[in-house]
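Please read the numbered points beside the sequence and the model.

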Amino acid sequence: MDAVTSLLVRAYRGDRPERTPVWFMRQAGRSLPEYRELRVGTRMLDACLDPALAAEITLQPVRRHGVDAAIFFSDIVVPLRLAGVAVEIEPGRGPVFESPVRTREDVAKLTAIDPAEVAAAAAPVREAVGIVVDELGGIPLIGFAGAPFTLAAYLVEGGPSKEHLRARAMMHADPDAWGRLAGWLARVAAEFLGAQVDAGASAVQLFDSWAGSLLPSAYRAHVAPHSREAIEAVRARVPVVHFGVGTGPFLADMRLDGAVDTVGVDWRMPLDAAVRQLGAGVSVQGNIDPALLRAPWPVLEAHVRDVMRRGRAARAHVVNLGHGVPPDTDPGVLTRIVELVHAETADP
Ligand code: CP3
């Protein structure tokens, strides 16, 4: 099977294939002992930029679980590192920046970097994607990037935060500086997505994980146009998934005026309710509650079946979690979900 005609790509584009595809956000990572073993002694961002290592980590969950897609092992801050920004990922904490970008001057200094630098420095990314695509045969690889707001949520604070107050404040206190920062981040994300698609990724997902902290009107005015810009160049080439956590109050806006093929839904909203908000003409991805991964199997099984039943309200559905795999997840549970989904057919 060709990656272009894979179940996943067909579902993203709106055709309901014979069987519902399934993969998991953060399937490559700490829930796998083989991942923890490979990562010993290598820092996260160094692992992302080691082509052989990144490729092997990307392939691990495909071999183990038999999922219908690989997601490229990297991180949302990798394109910033490629642009020359001083950033590290602290274990157990997340991305940390040496110099937070808080003032107009900070923004001017950062945005003086040409986003084309990302493409120029992305050779290890293209190489890793190339290895993965060769090894996968017909299984599709999903490329990804962080959306401008979620990147800014880290960059403006200088590290992880709960409510992303500084980034949310900047768009109101200095809309001009915000616009320049978010526009630059959109071009950086676009370069990173383009590098992955050039090297053979079959679909892309834009992660706006923290968009749920925004007022819907702020999302529409100050965020959505930049997210749209991030996917504009790749969307004619591959299907685009757009995901955020807690975006229920403005879920339809996540369609980005029709630029998006599939909207990722978190666990808080049943998929049939999500489809009512989204309207026709878009596929959905999600939304097993990660908390249920710790429930006894019959409880989890009933939940997965319910997610699949509600997913039939959409033109097509790709099964996933409502957010990433928690690090302490028993990987056997994920394999069992894949088996269950594969045993069901999409159309009864
Ligand atoms: O399997 C996959 O989904 C692909 C790889 C992937 C990673 N990060 C690997 C990673 C993807 C798609 C991401 C995206 C990412 N990174 C997001 C958006 C997705 C989401 O979860 O909402 C965000 C917000 C980040 C920022 C980030 N990077 C965080 C919050 C963390 C966790 C910090 C921690 O240690 O708990 C990271 C680090 C990170 N990215 C890890 C992995 C496997 C863990 C690092 C490790 O193993 O030491």
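Predicted model: local features only at pLDDT ≥ 70, side-chain atom pairs only at ≥ 80, totals over all residues.

Which residue in strand 7 is the bridge partner of histidine 242?

1. The partner of histidine 242 is valine 263 in strand 7. Strand 7 covers residues 262-264 and runs parallel to strand 6, to which three bridges join it. Two strands are taken to pair if DSSP finds at least two bridges between them.

2. Residues are numbered from 1 along each chain as its sequence is written, and side-chain values use heavy atoms, with hydrogens and water left out.

3. The chain holds 15 helices and nine strands; helices (H or I, at least four residues) and strands (E, at least two) are DSSP runs numbered from the N terminus. With a radius of gyration of 19 Å, close to the 20 Å that the globule rule gives for 348 residues, the chain is as compact as a globular protein of that length. The radius is taken over C-alpha atoms, and the rule is 2.2 Å times the number of residues to the power 0.38. Of the 348 residues, 58% are buried, a term that means under 20% relative accessible area (1.4 Å probe, protein chains only).

4. Strand 6 (residues 240-243) is covered on both faces: Val240 and His242 are buried on one side, and Val241 and Phe243 on the other. In a regular strand the side chains alternate between the two faces of the sheet. Strand 6 also pairs with strand 5 (residues 203-207), in the parallel sense and over four bridges. Within this pairing, valine 241 of strand 6 stands opposite glutamine 205.

5. Helix 9 (residues 148-157) is mostly covered, with ten of its ten residues buried. Among them are Phe149, Tyr154 and Glu157.

6. The ligand is surrounded by 27 residues, the closest being Arg26, Tyr35, Gly92, Ser209 and His323; a residue counts if one of its heavy atoms lies within 4 Å. Oxygen atoms of the ligand lie 2.4 Å from a polar side-chain atom of serine 209 and 3.1 Å from one of arginine 39. For tyrosine 35, the distance from a side-chain N or O atom to a ligand oxygen is 2.6 Å.

Note on methods
Buried < 20%, exposed > 50% of the residue type's maximum accessible area, 1.4 Å probe, protein only. Polar contact = N/O pair within 3.5 Å; in protein donor to acceptor, adjacent residues only side chain to side chain.
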